[in-house]
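Hi,

Here is the structure I promised to pass on. Have a look at it first, and then read my notes below.

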Amino acid sequence: MKPCPDHKETLWLDVYGELDPNERPAWEEHLETCEGCRQERAQLFRLLQTMKVNMPSPELPPEKAEALARSINRKLRCARGEETWWQKWLWGRPNRLIPALTAACILIVALGWFSLQGLRTPSSMRSISNLKSEEQLLVKDSDIIKNLDLLEEMDTLRKLVQVVDHGGVPSHTNHN
Amino acid sequence: MSLSDGELVARAQREDQWAIEEFVSRYQQKAYAIAYQMCSGDSEEAQDLTQEAFLRVFRNIKKFRGDSSFYTWFYRIVVNTCLDGRRRRRRRERIFSLWKPGQREEEESKEVSQEQPDMGEDNNPMTVLSGKQLTREIQKALMSLPERQRVIFQLKVFQGMSIREIAQVMGSAEGTVKSHLFRATHFLRTALKEWAVP
């Protein structure tokens, strides 16, 4: 059964609680006799009620409400020029960027710490210095080897000096 | 100490910090609820818009002369902030959709399928399922409405404002509001007819 087209607007105003009190008696009289309007009114009431139940007004959780209030106050103070440039910069970001900025700071600190640790105990550097000392030893050894002839010559010279000093005959030949 | 809106506004006009904080705590849930519904359930965007609306209110509070009720003046700013925010968002999406075809459809379907807050204690899976399905259908139907019709319907049904208040908030004539409301009702009645039958 369909509602009366002439009463559609009255019906809707009634459902929305906006019907003029002067019009109400006549409308209620009509409802008593019109099954279609009665049905439509009941169905529209039900639909609006269902919508209200399924789409409840959302509420900000207390912590978010507090954060929002803080953020508004901060921005107002900032607009009045009561904050320094770094406070403006820090608190001027949208709320959703704060976790991202925090994560970036933690990442920078962590990377810095690891790289510092790496600099303090550089295993590769240690092996390089070891190699160098070994090389230094080898260089010393090679110097000795290279100068071996010279040393032998120096030994011969020393013997010659001894011969000259002791009158032309080496001391061990005197014994013989 | 509970001050009336008028006294609170007078103190906020003198930049009284307490009055400003009291004002925010008194009105933020209402403002957030409107923003949330106008953003089709995007909580982050609703919080940003609520904040922006409060900042606009306090920037302009000295201009408020009390010609209309403060309540309607405040909601007018909230609604206009949300409408501006939605317009900005749509513009952004249009620009991005130029080189990312298909993204817009995804965004639209995301908008429709945004989860609403928990409806209650009922744990019956069938009830929960039908409830979620109904919520989706209602969201989809609401999103199909032209913006003004949608906002007027939301202010009437979900915020319980009178047609006169909505007219003041929207800056329109009462007849225009009525006409938008009736068109929206007619559309939703048809789109959701299965859910109106007992």
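Which residues have the most contacts inside the largest nonpolar core? They are Ile34(B), Ala35(B), Val78(B), Val79(B), Cys82(B) and Ile152(B), in a core of 51 residues. By a nonpolar core I mean a set of buried Ala, Val, Leu, Ile, Met, Phe, Trp, Tyr and Cys residues joined through C-beta atoms within 7 Å. Helix 2 of chain B (residues 17-38) brings the largest share of this core, with eleven residues.

Before I go on, some housekeeping. This is a predicted model, in which local features need pLDDT of at least 70 and side-chain atom pairs count only at pLDDT 80 or more, while totals for chains, interfaces and linings use all residues. Residues are numbered from 1 along each chain as its sequence is written, and chains are lettered from A and ligands numbered from 1 in the order in which they are written.

Contact here means C-beta atoms, placed from the backbone, within 7 Å.

Chain A has nine helices and zero strands. Helices (H or I, at least four residues) and strands (E, at least two) are DSSP runs, numbered from the N terminus. Of its 176 residues, 9% count as buried, that is, with 20 or more other C-beta atoms within 10 Å of their own; 12 or fewer is exposed, in between is partly exposed, and C-beta atoms are placed from the backbone.

Where the chains meet, 32 residues come from chain A and 37 residues from chain B. On the chain A side, helix 1 (8-15), helix 3 (35-54) and helix 4 (62-79) each supply at least two residues, and helix 3 gives the most, with ten residues.

Helix 1 of chain A is worth a look too. Thr10(A), Leu11(A), Trp12(A) and Asp14(A) are its buried residues. Their cover includes helix 2 (24-33) and helix 3 of chain A, together with helix 9 (174-191) of chain B. After helix 1 of chain A comes Gly17(A), with a positive phi near 70°.

Most residues other than glycine have a negative phi. Glu15(B) lies in the loop between helix 1 (5-13) and helix 2 of chain B, and counts as partly exposed because it has 13 C-beta neighbours inside 10 Å.

Cheers

Terms used:
Two residues are in contact if their C-beta atoms, placed from the backbone, lie within 7 Å.
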